[in-house]
Amino acid sequence: MAAMFTCCLGCCGDGGPGHAPLKEMPTVQLDTHHMGTDVVIVKSGRRICGTGACFANAPLHQNKSYFEFKIQSTGVWGIGVATQKVNLNQVPLGQDSHSLVLRHDGSIYHNNEEKNRLPANSLPQEGDIVGVTYDHVELNLYLNGKNMQCPASGIRGTVFPIVYVDDSAIIDCQFSDFYHTPPEGFEKILFEQQIF
């Protein structure tokens, strides 16, 4: 019995030979390798300022994803989803088939067409939290936890969360530890290896 106990400690208890350390899962954040040339990312990959767009570092592989943005300072901004073919230096997004975004004026654009609009008197202001759900068909928006009932669709392919700023806008991105509970069935973005 003592020999068996010693073998267990020797094989896996002390990190010695044969020990394989667990790999820490990456954190979803803004991707400094995929951003516009005049974009500034701070706060450990959570805050964007400057001019241009930036992807999150994880595509939306799972069926139902949820993420949030906090408007820290108003200006020109947009949030939503995009394929990696989008031009990160051209704002506003939504001008081509590679992005589907809510713009600061409350319009939701894809392929240079207004797909929907936030209800009157529901424009996000400084300090507001905008939640986004995406299920590979439809993008829905939540303002301070309330469903805005303005779905939009049309984008195809592998998409990533995206945010753009201009004209002094500052946006914080929240990919976990949300301000508001995600709608039923939706969850934080998972990296592909976390899904299986």
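**Setting values against definitions**

Trainee: Why is S168 called exposed?

Mentor: Its relative accessibility is 57%. The cut-offs are under 20% for buried, over 50% for exposed and partly exposed in between (1.4 Å probe, protein chains only). Therefore S168 counts as exposed. Residues are numbered from 1 along each chain as its sequence is written. This is a predicted model, where local features need pLDDT of at least 70, side-chain atom pairs count only at pLDDT 80 or more, totals for chains, interfaces and linings use all residues, and side-chain values use heavy atoms, without hydrogens and water.

Trainee: Where does S168 lie?

Mentor: In the loop between β13 (160–166) and β14 (170–174). Strands are DSSP runs of E, at least two residues; helices are runs of H or I, at least four; both are numbered from the N terminus.

Trainee: How do you know which class T32 belongs to?

Mentor: T32 has 46% relative accessibility, so it counts as partly exposed. T32 is in strand β1 (residues 30–35). Its C-alpha atom is 8.8 Å from that of A56, 24 residues apart along the chain.

Trainee: Is D172 buried or exposed, and why?

Mentor: Buried, because its relative accessible area is 2%. D172 belongs to strand β14.

Trainee: What makes the pair D172 and Q72 a polar contact?

Mentor: Their side chains are 2.8 Å apart. A polar contact needs N or O atoms within 3.5 Å, in protein one able to donate a hydrogen and the other to accept it; residues adjacent in sequence count only if both atoms are side-chain atoms. So the pair qualifies. Beyond four places in sequence, D172 also has contacts (heavy atoms within 4.5 Å) with residues including K43, R46 and E68.

Trainee: What makes a set of residues a nonpolar core?

Mentor: Its members are buried Ala, Val, Leu, Ile, Met, Phe, Trp, Tyr or Cys, joined through side-chain atoms within 4.5 Å. The largest here has 38 residues, with I48, V81 and L141 making the most contacts inside it. Another core, of ten residues, lies apart from it; A82, L88, V101 and F160 are among them.

Trainee: What kind of peptide bond joins V91 and P92?

Mentor: A cis bond, with omega about 5 degrees. Most peptide bonds are trans.
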